[in-house]
Amino acid sequence: MGHELMGHGSSPEDLIRAARAAGVTDERLLQAVRVTPRAEFVPAEHVASAYRDTPVPLPHDQVTTQPSLVAMMVSALGLTGGEIVLEVGTGYGWQTALLARLAAYVVSVERWPDLVEEARRRLAGQGIENAAVVLGDGTLGVPARAPYDAVIVCAAFPEVPEPLVAQLRTGGRLVQPIGPGGRERVELYERRAHGLAHRATVTPAHFVRLYGAHGYDQR
């Protein structure tokens, strides 16, 4: 499979071009994409397509988010380097790694134990030490580490789970796909004293459903 990496779509620069085409201009973020090898964060059988701007299947009917969409969502958070970020849905940890390069610390919640172990292993392999991957229900957040400066949710539900709102500091930003799963709008919110205020629609998108106590019922 290794020789295929030299073919079309073989470089992080392809992902940077895709992110720029999607309107991403944050140079810190683009540099994070450049130095965070997506090939190290996908299953072995999909390494050949790691630098194509497409989702990649994961175990448990999960799927990685399309790289240009990751860039759009992370860009919307407006990270400057000092933030503590809560990520809901780790997968294999590529977005986690990007966030770790852009913020002070990342707490990522994943509901599948084998994905937790994979993400931890892959993040450690890249020398990333300012990210913690925890097993749990992402809709409950991680109150022990709150308040967060930013929250990013990588699965869809028609509303923002209330615990995530409560754990976001006033002035903090939250990005989440809003919808039933499969057809969403990624929305940007800002935490105000009395709850969330809608700031912008980032993009239409397709996401898997958000399961948990404040999401869809666990199957």
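Start with Arg34 and Glu13: their side chains form a salt bridge, with an N to O distance of 2.8 Å. Arg34 sits in helix H2 (residues 27–35) and Glu13 in helix H1 (residues 12–21), so this pair ties together parts that lie 21 residues apart in sequence. Keep in mind that you're looking at a predicted model.

How exposed are the two partners? Arg34 has a relative accessible area of 32%, which makes it partly exposed. Glu13 is partly exposed too, at 30% relative accessibility.

## Within helix H5

The whole structure has nine salt bridges. Another one of these joins the side chains of Glu117 and Arg120, at 3.2 Å from N to O. Here both residues belong to helix H5 (residues 113–125), and they're three residues apart, or about one turn of the helix. Glu117 comes out as partly exposed, with a relative accessible area of 47%, and Arg120 is also partly exposed, at 39%.

There's a network to look at as well: salt bridges link Glu118, Arg121 and Arg122.

Now for the strands. S7 (residues 168–178) pairs with S6 (residues 148–153) in the parallel sense, over four bridges. If you want a spot to check on screen, find Val151, which stands opposite Leu174 in S7.

S7 also pairs with S8 (residues 184–192), and this time the strands run antiparallel, joined by six bridges. Gln176 has Glu187 in S8 as its bridge partner. S7 and S8 make a hairpin with five residues between the strands, and in that hairpin Gly179 takes a positive phi near 160 degrees.

While you're tracing these strands, remember that side chains in a regular strand alternate between the two faces of the sheet.

The side chain of Glu190 meets that of Arg199 in a salt bridge, with 2.3 Å between N and O.

Terms used. Residues numbered from 1 in each chain as written. Predicted model: local features only at pLDDT ≥ 70, side-chain atom pairs only at ≥ 80, totals over all residues. Heavy atoms only, no water. Pairing = 2+ DSSP bridges. Helix = DSSP H or I, 4+ residues; strand = E, 2+ residues; numbered from the N terminus. Salt bridge = Lys/Arg side-chain N within 4 Å of Asp/Glu carboxyl O. Buried < 20%, exposed > 50% of the residue type's maximum accessible area, 1.4 Å probe, protein only.
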